[in-house]
Amino acid sequence: GWSAPPPPAQHRQSSLGLGQVFRLIAEAVRSIASMAIAGGAARRPRRDGDGSVVTVEEAIEEIGIGRTQWVLMLICGLTFCSDAAEVTFLSFVTEQLKCEWGLTSAQQTYITQAVFVGMALGAPVWGYIADKIGRRPAFILCSIVICSFGFGTAAATGFFSLMSLRAVVGFGVAGLPIGFDILAEALPAGGRGAFLLYIEFFWTMGSIYTSIAAWATLETLGWRVFTMLAAIPTLLASIAGLLFLPESPRWLCEEGRSGEALQILNDWSRRNGSGKIFDGLTKKGNEHTHHVGPWELVTNAKLRWNFGIMALIWLSFGIAYFGMVTLLPRIFADIEKDAPAAVHNRTALGGNASLGSNGTLLAARLLSDETCEVSFNFADISLSSAAEVAGVAMAIFLIDRPGRKWTQGIFYSVGAVMAAILGFRSINLNILTAAACIARLSELAACSATWVHTPELFPTSVRAEAHGTLNLFSKAGAFLGQYLISDMFSQTFCGFAMAAISLFAGILAVVALPETSGVELKDELTDDSCSEDEGSTDTSSGEGRDAEFST
């Protein structure tokens, strides 16, 4: 069902131009379409290999980055798009429901808190399912949960039903980092960093899609139609996952299902046009490896250190990023006395709703309780989207060189300087606006690097659990940020508090974490969890988990 394969990809390439990115995404769409026409059945690779027995990492290096990885990015990117659509839609719907239902500010806060509670409950559950049952079933199941209850939200009849449905959506959203981990486990070490960051562009697409859908339907067709439109990206992700998403070969090997892993890798090789057919899989010859469980994130010294440091960084960027996003409208409200209070309130809600939902925080406000007329601030939407694209592009440029640590350190520090500038009320409004844009750009670039760095620090058996739980820390930071950026504290205090927190995250990343740029993903915990094992051995005569895997 696939078209003729392209020439072998250069998997060592660390970055591509945006034009090439969009062209390859279009090629991935065409590939999926051709698979659908053929019934989605993948042909079994020929069994005429050259007798090569390799590790999973070596096989992925040989396969390189090609059509397979672009298809995976498109599938997993749809979840990022759906994340933006599902959580930012609250910024629009609650404005409309203030009129139709008489929704109060307190009730808006309760809805946001219900989403957060759902995420808190879902993060450990989805991580456990992904690590113990499989990446693919966890990805599909969480997508179905978001899709079902996202569409179900359109049937809500009152505050309590809406709050309950959004809590379940939050439960499902907590599993979306699994898609990021699936893509990370399918990429060679040399090109993994930059390629993973391309998925961040899907968030911007989701924000723009939600804004356009709200503008087109909210006042004419009603909020229920808009709610169903917001759930469409998740529906597409669910269908694509069911039809075309394979299980992670790394996870399969960890579970002893080497035959399935070998078949998937050979199929990837054929689709990428690498010309390689592998006859068997082997584990690296390190006799000091052992399988770990989720509890060892806190009981094992090596894992506990990385997990603890990353927890502080995720919490810090959650506070700093959304604190900065929330601080800007407060500054404007103080300077322009006629600025509507609804803008500030809506921003506080958007800050709570989801990490990264900066595109629509100031996108809409209710002009009149009598007419239910909603005003859309497309200038802010455009500015936010431009900042997102620029931030991700800058992170792509630096993620492999100087690396994950320094990309975080540089951009968290730049964000800290800009936050300090925001603390001075007397500075010209245009300067404050520029500082706020640079701060948003820098924090987004930094947290994008944090997303890339996180799955590279943990072995396959606990990678999803660690990533999902750490993502929850960022939500907690966003939740706490609204209380720090409040009328209880002065603008100067808020600005310098954001600066200190952001600088703290940057310093931690540089001095306390290992660099993982170009380093193979760990499948098991070794005596030296930060080192890269150069060799591999054929352990056909070994026992247990270190035995050769071949079919």
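A nonpolar core is a set of buried Ala, Val, Leu, Ile, Met, Phe, Trp, Tyr and Cys residues joined through side-chain atoms within 4.5 Å. Buried here means under 20% relative accessible area, with exposed being over 50% and partly exposed in between (1.4 Å probe, protein chains only). Keep both terms in hand as we walk through the model.

This is a predicted model, in which local features need pLDDT of at least 70 and side-chain atom pairs count only at pLDDT 80 or more, while totals for chains, interfaces and linings use all residues. Residues are numbered from 1 along each chain as its sequence is written, and side-chain values use heavy atoms, leaving out hydrogens and water.

Let's start with the whole chain. It has 22 helices and 5 strands, taken as DSSP runs numbered from the N terminus (helices are H or I with at least four residues, strands E with at least two). Of its 551 residues, 60% count as buried. Look next at contacts, meaning heavy atoms within 4.5 Å: among those between residues at least 6 apart in sequence, 83% join residues at least 24 apart.

Now to the interior. In soluble globular proteins, nonpolar side chains tend to be buried together. In this model, the largest nonpolar core has 117 residues, and Ile313 and Phe458 are those with the most contacts inside it. Helix H16 (residues 301–335) gives the most to this core, with 11 residues. A second, separate core of 20 residues includes Met324, Ala435, Leu484 and Cys494. Returning to Ile313, and leaving aside its neighbours within four places in sequence, we find it in contact with Gln408, Tyr412, Thr450, Ala505, Leu508, Ala509 and Leu513.

Arg135 is found in helix H6 and is buried, because its relative accessible area is 0%. Its side chain reaches the backbone oxygen of Thr460 at 2.9 Å, a polar contact (a pair of N or O atoms within 3.5 Å; within protein, one must be able to donate a hydrogen and the other to accept it, and residues adjacent in sequence count only if both atoms are side-chain atoms). Arg135 and Trp251 are 116 residues apart in sequence, yet 7.7 Å apart in space, C-alpha to C-alpha. Beyond four places in sequence, the contacts of Arg135 include Glu185, Glu247, Trp251 and Arg463.

Arg463 lies in helix H21 (residues 463–484) and is also buried, with a relative accessible area of 0%. Not counting residues up to four places away in sequence, Arg463 touches Arg135, Asp181 and Glu185, among others. Asp181 belongs to helix H8 (residues 177–184). In H8, 8 of the 8 residues are buried, so this helix is largely enclosed by the rest of the structure.

Follow H6 (residues 135–152) to its packing with helix H12 (residues 232–244): the angle is about 150°, and the axes are 8 Å apart. Axes are lines fitted to C-alpha atoms, for helices over the stretch in contact, and angles run from 0 to 180 degrees between N-to-C directions. Residues making the contact include Phe139, Ile140 and Phe151 of H6 and Leu235, Gly241 and Leu242 of H12.

Finally, visit Ser274, in the loop between helix H14 (258–272) and strand S2 (280–281). Ser274 counts as buried because its relative accessibility is 17%. A polar contact of 2.4 Å joins its side chain to that of Ser269.
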